[in-house]
Amino acid sequence: MTITVIEQTKIQAQVLLPLVKALQTELGEARANALVREALSDVYRKLGEQWWRSRQGRPLAENMSAAFAAFAKGDAIDYQVRETSAEACDITVTGCRYAQFFQAMGEAELGFLLVCGMDFPFAEGFGGDVQLSRTQTIMQGASSCDFHYE
């Protein structure tokens, strides 16, 4: 049985939310969040490296479409991929059950730290040829998430 990414996220949140809150109490919010971000970034960067190696030789838009399809399993996100050139693509997320999950618990800030914050390290794992930019997220209250890969 395969567990979707959103199911994994919900399971991990049961452990990570109390852990991060305890760290914040003990170390202060800024220091605790930086520690969590650093530790998880290494994990997600390595996942990005592994995933990218398995997709080498394919166009960027195809690779990013495949990545978002994996993140969307279990009706987790609603998104559109638009190839802007052979070397760039835009992805707009218009519905996000990750955000709904964390927002329903009143933990959107931690959701951003644990989920949205890992988009950049994951993309760093693709190597220096791929750059991600994003100006807004649903988790932080925007109507959509705007990913640009080039």
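In this predicted model, strands β3 and β4 pair in the antiparallel sense, and three bridges join them. Within β4, Y149 is the residue that stands opposite L132.

This pairing belongs to an open sheet of four strands, ordered β1-β2-β4-β3 with antiparallel pairing. The edge positions fall to β1 (77–85) and β3 (132–134), each of which pairs on one side only. On average, neighbouring strands of the sheet are turned by 20° against each other, direction ignored.

Two helices are placed against these strands. Helix α3 packs on the sheet and touches β1, β2 and β4. Helix α4 lies across β1 and β2. The table lists both helices with their angles.

| Helix | Residues | Strand used for the angle | Angle |
|---|---|---|---|
| α3 | 60–72 | β1 | about 175° |
| α4 | 97–104 | β2 | about 40° |

A search of the whole structure returns one cavity of 30 Å³ or more. The largest cavity has a volume of about 50 Å³. Its lining consists of M64, A67, F68, F71, D119, F122, F126, F147 and Y149. At least two lining residues come from each of α3 (60–72), α6 (119–124) and β4 (145–149). The greatest contribution is that of α3, with four residues. By class, the lining of this cavity comprises eight nonpolar residues, no polar residues and one charged residue.

Technical notes: Residues are numbered from 1 along each chain as its sequence is written. This is a predicted model: local features need pLDDT of at least 70, side-chain atom pairs count only at pLDDT 80 or more; totals for chains, interfaces and linings use all residues. Side-chain values use heavy atoms; hydrogens and water are left out. On a 1 Å grid over the protein atoms alone, a cavity is a set of points where a 1.4 Å probe fits but cannot get out, and a pocket is an open set with protein on both sides within 12 Å along at least five of seven lines; lining residues have an atom within 4 Å of a point. Grid points are joined across faces, edges and corners, and a volume is the space filled by probe spheres set on the points. Ala, Val, Leu, Ile, Met, Phe, Trp, Tyr, Cys and Pro count as nonpolar, Asp, Glu, Lys and Arg as charged, and the others, Gly among them, as polar. Two strands pair if DSSP finds at least two bridges between them. Axes are lines fitted to C-alpha atoms, for helices over the stretch in contact, and angles run from 0 to 180 degrees between N-to-C directions. Contact means heavy atoms within 4.5 Å.
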